[in-house]
Amino acid sequence: MADRDETPEERFDRNWTELLQELRVAQTGVQFLFAFLLILPFNQRFETITDVQRATYIATLLLTVAATVCLIAPVSHHRILFRRGRKKELVGVSSHLAGVGLVFLWLSIVGAVFLIVGVVVDTSWAVAVAVVLAVAFITIWYLVPTFKR
């Protein structure tokens with residue numbers, strides 16, 4: 001692989017721009033999921049869910065909040081550190097937050113699907129689907145790129 005002809009500052013600018021593009025995709029997903037979870041309790045059928053489903057809902061909601069915090073935090077960090085010559089630190093911290101936020105995001109997606117399948121079909125199907133989804137996320141999001149390194 002050829003090295004790019006860029007200064008460290010240019011590399012941090014490029015890394016920041018690439019990270020922002022990645023965050024835009026993830027933020028959209030987490031915002032839609034969060035909105036869905038926020039309105040769910042106001043549905044009449046919500047009153048009939050089981051204790052396990054209610055616990056799943058709360059856990060999924062909290063995972064989604066954690067994903068939202070981590071995936072939107074780089075914007076706040078940028079606002080605070082803007083024009084202070086701290087791009088290297090900003091890229092490092094934001095990259096870490098994005099990684100953590102993505103873990104919370106896939107966990108919240110699995111939780112939401114588990115909840116929906118449990119309500120629509122039953123718990124055994126919900127468990128099976130959740131396990132398949134978790135394996136898919138881990139494989140596609142982490143193992144495949146790790147092996148391609």
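Predicted model: local features only at pLDDT ≥ 70, side-chain atom pairs only at ≥ 80, totals over all residues.
How do the residues lining the largest pocket divide into nonpolar, polar and charged?

Residues are numbered from 1 along each chain as its sequence is written, and side-chain values use heavy atoms, leaving out hydrogens and water.

Confidence comes next, given as pLDDT (the predictor's confidence in each residue, from 0 to 100). The protein chain has an average pLDDT of 90, and 99% of its residues score at least 70. Helix α4 (residues 123-148) has the highest confidence, at a mean of 96, while α1 has the lowest, at 88. Helices here are DSSP runs of H or I with at least four residues, numbered from the N terminus.

Now turn to α3. The axes of α2 (residues 51-81) and α3 (residues 87-120) come within 8 Å and cross at roughly 160°; axes are lines fitted to C-alpha atoms over the stretch in contact, and angles run from 0 to 180 degrees between N-to-C directions. The two helices are therefore roughly antiparallel, a label for angles over 145 degrees, with those under 35 counting as roughly parallel. By class, the contact of α2 with α3 has 22 nonpolar, eleven polar and no charged residues. Here Ala, Val, Leu, Ile, Met, Phe, Trp, Tyr, Cys and Pro count as nonpolar, Asp, Glu, Lys and Arg as charged, and the others, Gly among them, as polar.

α1 (8-39) also packs on α3, at an angle of about 25° with the axes 10 Å apart, which makes the pair roughly parallel. Their contact has 16 nonpolar, four polar and three charged residues.

α1 and α3 each supply at least two residues of the lining of the second largest pocket. A pocket is an open set of points on a 1 Å grid over the protein atoms alone, where a 1.4 Å probe fits, with protein on both sides within 12 Å along at least five of seven lines; lining residues have an atom within 4 Å of a point. The lining here consists of N15, E18, L19, E22, V91, S95, A98 and G99.

Finally, the largest pocket is lined by L40, N43, R45, F46, I49, L115, I116, V119 and V120. Its lining divides into seven nonpolar residues, one polar and one charged.

Notes
Parallel < 35°, antiparallel > 145°, perpendicular 65-115°, else oblique.
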